[in-house]
Amino acid sequence: MTTTVIEERPGNTAAAGTLFRFATAGSVDDGKSTLVGRLLHDAKAILADQLDAVARTSTERGFGGAAGGLDLALLTDGLRAEREQGITIDVAYRYFATDRRSFILADCPGHVQYTRNTVTGASTADAVVVLIDARKGVLEQTRRHLSVLALLRTAHVIVAVNKIDLVNYNREVFEDIEREVLAVAAQLGITGARAVPVSALVGDNIAVPSELTNWYAGPTLLELLETLPTQNEVTDTDLPLRFPVQTVLRPQGALAPGLAPEDYRDYRAYAGQVSSGRVGVGDTVSILSSGQPPRDTTIAGIDTADGPQGEAVAPASVALRLSDDVDIGRGDTIVSGTVPTAQRKFAARLCWLDQEPLEPGAKVLIKHGTATVRALITSIEGLLELETFATVPAARLELNDLGSVSVTVAADLPVEDYAANRRAGALLVIDPHSGNTLAAGLVISS
């Protein structure tokens, strides 16, 4: 699976506050790209030359809509094919900020064949904005996207009922859609979903409350995005420490920041990202390596690009120095608190992303944390039926199917239930020959 990342970093994005990641999802022509463009436009996060280019293209296409005649979808539809067809194909990433928060947003495609890109955009998001065309209501693709968000345990789901202007700002239309989509979300186990009536083209309830929806007393879309807590703020820093080792640092060049020459001669550290929890100098930790029992040691130092520090919390990328000489390599995990049990067999839910179907007996690679191991799909336990959300028997998983499987791996992996630890329970299924991503998955309790 390949994803083109189209980046724009306006010079005015150095805002205070937390970094918030969100994605958009919806069916074809629901107005996702226009909504994202509206957010960028109203947040004044568009460079002058980019705005001029969009204006020229809008004129060439005979666009006569709002926002001064600008086709705001062009701000995120960056591929030539997207601009020509008026659709989103790849995930387009944009960076912007308000006075309250900095944002990374991902505009995901709505076509069924690009569901895999929605998984990509939503997998790291703190929130996902699901768009629904007010004229069409809840569609099958809406149900599929909500199922993916339930699978990924997305922290916040916002339902934007778009094109409310095309139904004359009808309150009953909005409330009927709100009732149905929140019932679907609840059926999937998504709690706390919010619905907002919006018009991305006109700007109703995007950044400014609309007088034409005076029957809606809730926050605007931007206000929600500015005030919702991030995934890390919700859980990650309160979980036990999980630190997958990416590489061993044994530098031969210049001195590491803050280290004296005598310390540097014997320098050995283990670089990676704190995927959950926190770690401090002097903490007792355990080392998990395949085929070996957990080994205990203590943290002697925490190094960063800015020098040593006393503590690091998720999702910081740091280098840990240990008080003991321990044989550690990429794929091992440094943990504290409850020590996960290394497993060779476990159950997982997959979103199948490949054109070729998955059948029992398939030989694949499983990537968990920084470890990649050979694996066998021993059985397919069932398939999620989108109409009823019941799990039904299945002999295979086709493209975009959501199903449950049993996995056997060739080396011990410290996998955990995704419901308990989002990062430690996530995995990828990879083709051992091509290296392509076949599925995104999560570990479930057997």
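Helix α6 (residues 140-152) comprises 13 residues and reaches 18 Å from its first C-alpha to its last, close to the 18 Å expected at 1.5 Å a residue; the expected span is 1.5 Å times one less than the number of residues. Helices (H or I, at least four residues) and strands (E, at least two) are DSSP runs, numbered from the N terminus. The model is predicted, with local features requiring pLDDT of at least 70 and side-chain atom pairs counted only at pLDDT 80 or more, whereas totals for chains, interfaces and linings use all residues. Residues are numbered from 1 along each chain as its sequence is written, and side-chain values use heavy atoms, with hydrogens and water left out.

Twelve of the 13 residues of α6 are buried, so the helix is largely enclosed by the rest of the structure. Buried denotes under 20% relative accessible area, exposed over 50%, and partly exposed in between (1.4 Å probe, protein chains only). Just after α6, R153 adopts a positive phi of about 55°.

The structure contains 13 salt bridges, each defined by a side-chain nitrogen of Lys or Arg within 4 Å of a carboxyl oxygen of Asp or Glu. D133, R135 and K163 are linked in a network of such bridges. D133 is buried, with a relative accessible area of 1%, while R135 is partly exposed at 48%; their side chains meet at 2.8 Å, N to O. The K163 and D133 side chains form a salt bridge at 3.6 Å, N to O. This pair links distant parts of the chain, 30 residues apart.
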